[in-house]
Amino acid sequence: MNEHERSDYPIVPTKSPNKGTGKEPRPAEVMEGRGWAEGNPSQHNTTRTQSRTESVPRALERIRQAAERNRKERFTALHHHICDPETLRRAYLSLKREAAPGIDGRTWRAYGENLEWNLRDLSGRLKRGAYRAKPVRRVYIPKGDGGQRPIGVTTVEDKVVQRAAVEVLNAIYETDFVGFSYGFRPGRSPHNALDALWVGLMMKKVNWVLDADIRGYFDAIDHEWLVKFIEHRIGDQRVVRLIRKWLKAGVLEESAWTQSETGTPQGGSASPLLANVYLHYVFDLWVQQWRQRQAHGDVIVVRFADDFIVGFEHREDAEQFLADLRARFAQFSLELHSQKTRLIEFGRYAAERRARRRESKPKTFDFLGFTHICSHGQDGRFTVRRKTARDRMRRKLKEVHDELRRRMHHPVPEVGQWLGAVVRGHTRYYGVPGNSRTIQTFRYRVIWLWRRVASQRSQNGHVTWERVNRWTDAWIPPALICHPNPNRRLRVKT
């Protein structure tokens, strides 16, 4: 690919911090330590020659070092790492054991019954070019807005190959991805993104927030643009052909096969990485250049997959950015959802300014399951309060109620252990400072639903609270804050 072809999607070789007037990096984009998957220890090698007999983790570390030294280098010898039986075995063992089978009906356990032969056969077909990606089985899961989200269920074999390819490609792309990108990356979690957003809102001059939503992002990705982006770094055409096979495998829905012209199926092992690569070139690098060249004040950005929040010091910057972003997305077949994209006044002085104009309290926005609210701490100072998003909590409680009815006649200890895991998982995610009352409400509602369903099972139609309290003491953990202050955790990681 020549330099003229690259002009439409600029590549910024450096990871600059958020725009600011001082020398310190912006908190919302401070580069965090990059975690690596188990089995990929750091090796300090100087030569770039990659022997096919060396261990795969060591070879991947050498690829990472080469990618970090030269941000424009294209890698032409990657395919044999994907075909390596050790890489395929690690990929198989990293898959979910109880995941739904693809169109061939083969489960993870069934594939593992003759694992060594299956992996040798798969490795051979990959090396010969005889591997063929199978169509994706489409299913639907409910969304928070009442709609349905399409999910693609791939076969175990395709998951293994995709996971192996992702392990190899991550060695390159983890050196390229910018600091404010958090979704589906090794060593990064939703709470890292939430911490960065909170610190950015608290520490920088943010008066306006763009809460944006990309309409059907995973279904709108343009295949040809995606392949062009991949070829910026991947010169091994065998790897590119593998990606094309997954993109063109098609979808099987109710026995009807349709070829996919756009999109990457959600649920595939490679889809998160491919989606990140697409937005890296379409959004991340463009944002970096926009704020360096056009912004007149502070700009913070936090992105988790296709969810992103952009904060601005000046309203003029925010409005110009939104207009430019719409035009940018249109070039690459993406569109902002008109009803879910909002520019709101938010920040340290939002409440005071709106009060002077005799307007209502500042509006809130949701990000990664939390509603973010302009508030004040016990000392009277401004703070950003985070609480469980109402729709998330309502949907989870409905799931708990439906499952309790299904388990109505199961033994109490079995139901108690399951409910304990539900409350524990909910608390581990939503137990952030300032959200104590909401997670305690969730725990109480779960216990209340348990009593209600148990009473329907009881012969006299009533289960006393005394009895339910004994169940609660035995199986339901307390709802306690389990995450530290975002500023403290972000500083520790950086």
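## A strand pair

Phe382 of β11 is the bridge partner of His376. In this predicted model, β10 (residues 370–376) and β11 run antiparallel to each other, paired over 7 bridges; strands count as paired if DSSP finds at least two bridges between them. The two strands make a hairpin with 5 residues between them, and Gly380 in the turn has a positive phi of about 85 degrees. Strands here are DSSP runs (E, at least two residues), helices are runs of H or I with at least four, and both are numbered from the N terminus.

Why is β11 largely enclosed by the rest of the structure? Because 5 of its 7 residues (382–388) are buried, meaning under 20% relative accessible area with a 1.4 Å probe, protein chains only.

## Helix α16

Helix α16 covers residues 436–457 and spans 32 Å from first C-alpha to last, close to the 32 Å expected at 1.5 Å a residue; that expectation is 1.5 Å times one less than the number of residues.

Its buried residues include Phe442, Trp450 and Arg451. Among the elements covering the buried residues of α16 are β11, α14 (390–406) and α17 (465–475).

The pLDDT, the predictor's per-residue confidence from 0 to 100, averages 87 over the chain, and 87% of the residues score at least 70. Residues 1–27 fall below 50, yet this stretch has 75 contacts (heavy atoms within 4.5 Å) beyond near neighbours in sequence.

Residues are numbered from 1 along each chain as its sequence is written. Local features need pLDDT of at least 70, side-chain atom pairs 80 or more, while totals for chains, interfaces and linings use all residues, and side-chain values use heavy atoms, leaving out hydrogens and water.

Terms used
Buried < 20%, exposed > 50% of the residue type's maximum accessible area, 1.4 Å probe, protein only.
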